[in-house]
Amino acid sequence: MSTLESLNAVVIRERIPAKVTVELLSKCNLNCQHCYVTHSRPSLLTFSVIKNLLDQLQQAGTFFLTITGGEPGLRDDLFKIIFEAKVRHFAVNLLSNGTLWGPKAWNRLAELGVD
């Protein structure tokens with residue numbers, strides 16, 4: 001059995017949420033026809049709720065965290081959220097349209113180690 005197969009077996013047996021996606025908000029700066037997000041739905045997780053969720057995911061053994069929205073770049077605390085996720089050793093993936101950021105923000109994402 002390969003290492004990956006062994007890891008997969010443990011994840012299944014122990015019911016570890018290895019990959020988790022968190023939708024931070026439904027709001028977006030674009031209105032793409034192909035988008036699956038219902039932008040009119042009010043949803044905004046507070047920073048304290050997100051931090052608590054990250055703690056719970058860490059305790060549960062999560063490896064991979066995908067952050068999405070709507071458009072997560074609309075959150076003023078996005079980099080703070082990503083930092084908190086990285087402190088907890090998650091591999092962070094960000095799903096964004098990327099239209100809100102300039103070089104400074106892109107560099108900060110790179111510094112934080114976001115995929």
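**Entry 1: the Arg13 pair**

I started with Glu14 and Arg13, whose side chains meet in a salt bridge at 3.3 Å, N to O. My cut-off for a salt bridge is a side-chain nitrogen of Lys or Arg within 4 Å of a carboxyl oxygen of Asp or Glu. Side chains of opposite charge can pair when their charged atoms come close.

Before going on, I noted that this is a predicted model, where local features need pLDDT of at least 70, side-chain atom pairs count only at pLDDT 80 or more, and totals for chains, interfaces and linings use all residues. Residues are numbered from 1 along each chain as its sequence is written, and side-chain values use heavy atoms, with hydrogens and water left out.

How exposed is Glu14? I get 48% relative accessibility for Glu14, which counts as partly exposed. Arg13 has 58% and counts as exposed. The classes are buried under 20% relative accessible area, exposed over 50%, and partly exposed in between, with a 1.4 Å probe and protein chains only.

**Entry 2: the other salt bridges**

How many salt bridges does the structure hold? I count five.

Arg88 and Glu84 are paired at 2.7 Å, N to O. Both ends are covered: Arg88 is buried at 10% relative accessible area, and Glu84 is buried too, at 14%.

Glu111 and Arg108 make another pair, at 3.4 Å, N to O. Why are these two about one helical turn apart? Glu111 and Arg108 sit three residues apart in helix H4, which covers residues 103-112. Glu111 is exposed at 59%, while Arg108 is partly exposed at 31%.

**Entry 3: cysteines**

I searched the whole structure for disulfides and got zero. The test is a pair of cysteine sulfur atoms within 2.5 Å. Cys28 is partly exposed, with a relative accessible area of 23%. Cys35 is also partly exposed, at 31%.

**Entry 4: the whole chain**

I stepped back to the fold next. The protein chain has four helices and three strands. Those are DSSP runs numbered from the N terminus, with helices being H or I over at least four residues and strands being E over at least two. What pattern does the chain follow along the sequence? I read it as α-β-α-β-α-β-α.

The C-alpha atoms fill a box of roughly 45 × 30 × 30 Å along the principal axes. Of the 115 residues in the chain, 34% are buried.

I also ran the contacts, meaning heavy atoms within 4.5 Å. Among those between residues at least 6 apart in sequence, 72% join residues at least 24 apart.

The accessible surface comes to about 7500 Å², and 56% of that belongs to carbon and sulfur atoms. I used Shrake-Rupley areas with a 1.4 Å probe; for residues, only the protein chains shown count as cover.

For charges, I find 12 positive and 10 negative, with mean positions 3 Å apart. Lys and Arg count as positive and Asp and Glu as negative, while His and the chain ends are not counted. Each charge is placed at NZ of Lys, CZ of Arg, CG of Asp or CD of Glu.

**Entry 5: Thr68**

I picked Thr68 in strand S2, residues 64-68. Is Thr68 buried or exposed? Thr68 has 6% relative accessibility and counts as buried. Which residues does Thr68 touch? Leaving out residues up to four places away in sequence, I list Thr21, Val22, Glu23, Leu24, Leu25, Tyr36 and Leu95.

**Entry 6: positive phi**

Last, I checked backbone angles. Arg15 has phi near 55 degrees, a positive value in a residue other than glycine. Where is Arg15? Arg15 is in the loop between helix H1 (3-14) and strand S1 (19-23). Arg15 is exposed, with a relative accessible area of 75%.

His89 also has a positive phi, near 70 degrees, and is likewise a residue other than glycine. The loop holding His89 runs between helix H3 (78-87) and strand S3 (91-94). I get 67% relative accessible area for His89, which is exposed.
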